[in-house]
Each structure stands twice: as C-alpha cells, then as structure tokens.
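Colleague: I would like to learn how to read a model like this one, feature by feature. Where do we start?

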Amino acid sequence: MMTDFTAIKQLFDITQNNGFSNEEIATYQNVCDSIPQVLYDYYLQLGKITALNQTQDRLIEPQKLQLSKDENFLIFYVENQWSCVWGIHKNDLQSNNPAVYMSYDENEWNKETDSLTDFLKAIAHLQGIFALPFNSEEFAYINNEELKIIETNFNKRDFSFSQWIGVHFYGNHPEEVIAVLKNDDYYDLIYASNNKQQFTDLHKILGELGE
C-alpha cells in the first residue's frame, strides 16, 4: 500500500503528485541495495516539489544519495549549510518506516525521530515556515508564560525534532504551522499558513506575543 502523505499535502496545498520516476529512484542502487518503502513513496509522490524539499533544508535526490563517512548511514536530508545531516542506519534500509538519525560530523549519530514518516512531517512543517505564502516572516522571542498561551490555544503536533534545535509544532488546522524553538531561557516563535484567513486568525493571538 502506498504511503499516505495527506498531512504534508494539506499543509502545502498539494493536489497533484510531482515526484521522481521509478527509473530515477532506482539510481539509489548505485549506493545501496534497498531504501525504505516510505522514502521510496515520498520520492515518487513528492520528491520534485521545490517549495517542500528545497526552500530551507534539502532533500537529497535519489541519484545523489550517499553513505556517511563510516558507511553506516544512508544520508537523505541535509541542513542548508550542511551543518548537520539526517540518515537511516544501514541495518534499517529494508524496513518500511525506520527511525531517522541526525549527526553534526557523520561520526556521532543520535536518533531524531522514531519513524521516517514522523521525520518527513516534521521537516515539511519546518520548510512550511519559510515556504508558505502567509507567514510571520520574523522570529519572536517568547517566555514560559507566552508559551502557555500557545499550548492553551493550539494543538501540539505529535512529531518534533528531538535532537536538532529542539523544535515543536502546533496548529489547529492542517493548513497552518506554528513552530517553537527552545533556547536557554526563552523560545523562538514563528508561524505560517497557506490560507490567508487562517493566518489572520493565528496572528490575532500570536502577533502580540514577544512584544
């Protein structure tokens, strides 16, 4: 059964698939014997959508997939300046929906998400902050009391970045995203939507925070 990426498609208002062909995806065989079914399906359905995959950080195309320096991880996503990379352990490449690991140096790896689907939803929401047409444009600095306002008014998504920059996501509608980044003694807040009215509603609550 094909992987369901409805949450990502709704966030980016994607109504038609735009991905790599089976032949293009098969070029991964130059690097490894197999890739997880979820990653294959993502390449097939969504792999060529620039706003989703290239706005801030970058999905590695099938023909450019590479192994880590120790050859223990398949690197498939990178931070925009390559300050960190995300990969799948070689022993998990035949799994349908394996865990994803993050590394700053390709030597030490830590689990980022328990599943590939969680990672893809998290990175899509992070890309959405910068790619969606209606956004707050700048980060606001908020304190613990202001975070409670967000937690009271918005649902927390069930995916996050546990290792890299500690980002949690909120929102009441599939077309919107609120991102909160934890710092030492404050939080960074930024939000966006593909729906103008929903963004206006977000801004009524969030626009006054951090002032």
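**Reading the model**

Modeller: Start with an enclosed helix. In helix H3 (residues 37-46), 8 of the 10 residues are buried, so the rest of the structure largely encloses it. Keep in mind that this is a predicted model.

Colleague: Which residues of H3 are buried?

Modeller: They are Val38, Leu39, Tyr40, Asp41, Tyr42, Tyr43, Gln45 and Leu46. Two of these names come back with Asn53, a residue of helix H4 (residues 50-54). Leaving aside neighbours within four places in sequence, Asn53 is in contact with Tyr42, Leu46, Gly47, Lys48, Arg58, Leu59, Tyr77 and Gln127.

Colleague: Is Asn53 buried or exposed?

Modeller: Buried. Its relative accessible area is 0%, and the cut-off for buried is under 20%.

Colleague: Next, rings. How do I read an aromatic pair?

Modeller: Two values describe a pair of aromatic rings: the distance of the centres and the angle of the planes. This structure holds 15 aromatic pairs.

Colleague: How buried are the two partners, in relative accessibility?

Modeller: Trp86 is at 0% and counts as buried. Phe161 is at 1% and is also buried. Phe161 has another partner, Phe169: that pair is edge-to-face, with 6.3 Å centre to centre and 65 degrees between the planes. The angle is over 60, so the edge-to-face label applies. Phe169 is buried at 0% relative accessibility.

Colleague: Which residues do ring pairs link into a cluster?

Modeller: Phe76, Tyr77, Trp86, Phe119, Phe159, Phe161 and Phe169. Tyr77 is also one of the contacts of Asn53.

Colleague: Rings can also face a charge. Where does a charged end sit over a ring?

Modeller: Look at Lys182. Its charged end sits over the ring of Tyr187, 5.3 Å from the ring centre.

Colleague: Now the surface. Which residues form a nonpolar patch there?

Modeller: Phe130, Phe139, Tyr141 and Tyr186, with about 400 Å² of accessible area together. Phe130 lies in helix H5 (residues 116-131). At 36% relative accessibility, Phe130 counts as partly exposed.

Colleague: What should I look for in backbone angles?

Modeller: Most residues other than glycine have a negative phi. Trp82 has a positive value, near 60 degrees. Trp82 is in the loop between strand E3 (73-78) and E4. Glu106 is another case: phi is about 65 degrees, and the residue is not a glycine. Glu106 sits in the loop between E5 and strand E6 (110-113).

Colleague: Are these two buried or partly exposed?

Modeller: Trp82 is partly exposed, at 37% relative accessibility. Glu106 is buried, with a relative accessible area of 14%.

Colleague: How far apart are Pro98 and Asn172 in sequence and in space?

Modeller: 74 residues in sequence, and 28 Å from C-alpha to C-alpha.

How values were computed
Residues are numbered from 1 along each chain as its sequence is written. This is a predicted model: local features need pLDDT of at least 70, side-chain atom pairs count only at pLDDT 80 or more; totals for chains, interfaces and linings use all residues. Side-chain values use heavy atoms; hydrogens and water are left out. Rings of Phe, Tyr and Trp (its six-membered ring) pair if their centres lie within 6.5 Å; planes under 30 degrees apart count as stacked, over 60 as edge-to-face and the rest as tilted. Buried means under 20% relative accessible area, exposed over 50%, partly exposed in between (1.4 Å probe, protein chains only). A charge sits over a ring if NZ of Lys or CZ of Arg is within 6 Å of the ring centre and within 35 degrees of the ring normal. Patches are made of residues with over 30% relative accessible area and no salt bridge: like charges are joined within 9 Å, nonpolar side chains (Val, Leu, Ile, Met, Phe, Trp, Tyr) within 5 Å. Accessible areas come from the Shrake-Rupley method with a 1.4 Å probe; for residues, only the protein chains shown count as cover. A salt bridge is a side-chain nitrogen of Lys or Arg within 4 Å of a carboxyl oxygen of Asp or Glu. Helices (H or I, at least four residues) and strands (E, at least two) are DSSP runs, numbered from the N terminus. Contact means heavy atoms within 4.5 Å.
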